[in-house]
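The sequence and the structure are shown first.

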Amino acid sequence: PAPRRPAPKAPPAPMFFRKAGPVNGGFVATLLVLVVFGLLMLFSASTASAFYKFGDSFYYIRSQALYAALGLGVMWAVSRVDYHWLRQFTWPLYGVVLILLVVVIATCDPINGCRRWLYWEGVRLPTVQVSEIAKFSMILCTAHLFEKYKNRVKGFQYGVLAPAVLLVPVLVLLVFEPHYSAMVLMCCITAAMMFCGGTGLGWFGAGLAAAGGGGAWFLMTRMDYVQERLAGWLDPFSDVLDSTHQTAQSLYTIGSGGLFGVGLGNSVQKHLWLPEAQNDFIFSVLCEELGFVGALLCILLFALLLVQGIVIAVRSPDRFGSLLVVGVMAQVGFQFMFNVAVVTNTVPNTGISLPFFSSGGTSLLLLLGEMGVVLSVCRAGNKKRAEQRAAEAEERARQAGRAPQEKTVFHAGR
């Protein structure tokens, strides 16, 4: 018999939808409220440190507002792009991420003792944190694999081993930056996608156990660092002049807010008492200025965004789109949860930013671009549902038009 020819490759999807569906107005409204809320809080939290460091109280908010405006434009443009078109960039983007991580470690100048940014002293270019690109690359890779091998993901090879093989090289490179919070976040994102993507529960549990064992071994190799962090976590006021200064000041800041806060712009702790008030610890300033009520409002807004994102994932027309949304929303959800946990000393202190709030223009731009991917899936899902409703209405109309005719013929026969 003649040898079987391999099936021809499907042509890549067109870049733009031929006829895009609508977006979910509720999701867009919640997102816009979060972005505006974040800009207001950043302006309030950053004025003192910006004036002290740069002599310009608008230093942080000016660039952040520009990136927010650009990011919203990018988000809307990306929402018009067919998300299937992104699949052709799965492996090139992953390769670029690995190269950029090596470049950062080998050639870039450190900021605060860490090499996490594409930054060279004296070169006036926007600093880019490569780990932010790496998060989306892992989301794209995992969604691609779980769509391509959807009939095999319940087993070990494609349900656990394949995503682990992609994740481990990124984690190894992040160790050398070092960027431990990004490592934890990427593990959580991948685990969420594996669970939602259909990995067998037995293999999923085994993968979690293996990851936990690897994490324990990693921590044991860095006992000095771990002991210092654990000591500061258990007693955040034990060394307020040095190792626990940031955590202690964060707790002072949160406690000062009370129920309704001291008022927007009236924070005392942001006046150089609280380190990184405009960045990782901006939620503490929010608690001081807006109190428990403001903090609860912020939490509810993020929860609402996540619920609306889950609805979009459920209504996606295919597994690839659903997993893309799951990955992006897991990134936002876990990052928010870990940031709040750090500033409230629920977990040991590690640097992690608050999505849509913390200073960092390129990070905000990339995050809004990912929101554009979510909206792209939303458009496709809404279009498919509209077509299904139209087909059902047409079928009902056809049956309703045929029923009287059949009844008349029956009586004539009698």
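In this predicted model, helices H4 and H5 are roughly antiparallel to each other, because their axes cross at roughly 165 degrees and an angle over 145 degrees counts as roughly antiparallel. The two axes come within 10 Å, and the crossing is right-handed. H4 spans residues 130–148, and H5 spans residues 156–175. On the H4 side, the contact is made by Ser-131, Ala-134, Met-138, Cys-141, Leu-145 and Phe-146. H5 contributes Tyr-158, Gly-159, Ala-162, Pro-163, Leu-166, Leu-167, Val-170 and Leu-174. By residue class, this contact divides into 12 nonpolar and 2 polar residues, with no charged residue.

**The chain as a whole**

The protein chain holds 12 helices and 2 strands. Read from the N terminus, its elements follow the order α-α-α-β-β-α-α-α-α-α-α-α-α-α. The C-alpha atoms fill a box of roughly 100 × 60 × 40 Å along the principal axes. Of the 414 residues in the chain, 44% are buried. Among contacts with a separation of 6 or more, 75% are between residues 24 or more positions apart.

**H4 against H6**

Two packed helices are described by the angle between their axes and the distance between the axes. For H4 and H6 (residues 180–197), the axes come within 10 Å and cross at roughly 20 degrees. H4 is therefore roughly parallel to H6, and H4 passes H6 in a right-handed crossing. The H4 residues that meet H6 are Ser-131, Ala-134, Lys-135, Met-138, Ile-139, Thr-142, Ala-143 and Phe-146. Their counterparts in H6 are Ala-182, Leu-185, Met-186, Ile-189, Thr-190, Met-193, Met-194 and Gly-197. This contact divides into 11 nonpolar, 4 polar and 1 charged residue.

Ala-134 of H4 takes part in the contact with H5 and in that with H6. How far from Ala-134 does the C-alpha atom of Val-97 lie? The two C-alpha atoms are separated by 5.9 Å, although the residues are 37 positions apart along the chain. Leaving aside residues up to four places away in sequence, Ala-134 touches Val-97, Val-170 and Met-186. Val-170 belongs to the H5 side of the H4 and H5 contact, and Met-186 to the H6 side of the H4 and H6 contact. Ala-134 has a relative accessibility of 1% and therefore counts as buried.

Between H5 and H6 runs a loop that contains Pro-178. Pro-178 is joined to Glu-177 by a cis peptide bond, with omega about -15 degrees.

Helix H9 covers residues 245–255, and its buried residues are Thr-247, Ala-248, Gln-249, Ser-250 and Thr-253. The cover over these residues includes H10 and helix H11 (319–343).

H10 itself spans residues 282–314 and contains Gln-308. Is Gln-308 buried or exposed? With 17% relative accessibility, Gln-308 counts as buried, because the limit for buried residues is under 20%. A polar atom of the Gln-308 side chain lies 3.3 Å from the backbone oxygen of Gly-26. Beyond residues up to four places away in sequence, Gln-308 touches Gly-26, Phe-27 and Thr-30.

Glu-276 sits in the loop between H9 and H10, whereas Asn-345 sits in the loop between H11 and helix H12 (361–413). Glu-276 is partly exposed, while Asn-345 counts as buried.

Technical notes. Residues numbered from 1 in each chain as written. Predicted model: local features only at pLDDT ≥ 70, side-chain atom pairs only at ≥ 80, totals over all residues. Heavy atoms only, no water. Axes fitted to C-alpha atoms, helices over the stretch in contact; angles between N-to-C directions. Helix = DSSP H or I, 4+ residues; strand = E, 2+ residues; numbered from the N terminus. Parallel < 35°, antiparallel > 145°, perpendicular 65-115°, else oblique. Left-handed = near helix turned anticlockwise from the far one by under 90°. Contact = heavy atoms within 4.5 Å. Nonpolar A, V, L, I, M, F, W, Y, C, P; charged D, E, K, R; others polar. Buried < 20%, exposed > 50% of the residue type's maximum accessible area, 1.4 Å probe, protein only. Polar contact = N/O pair within 3.5 Å; in protein donor to acceptor, adjacent residues only side chain to side chain.
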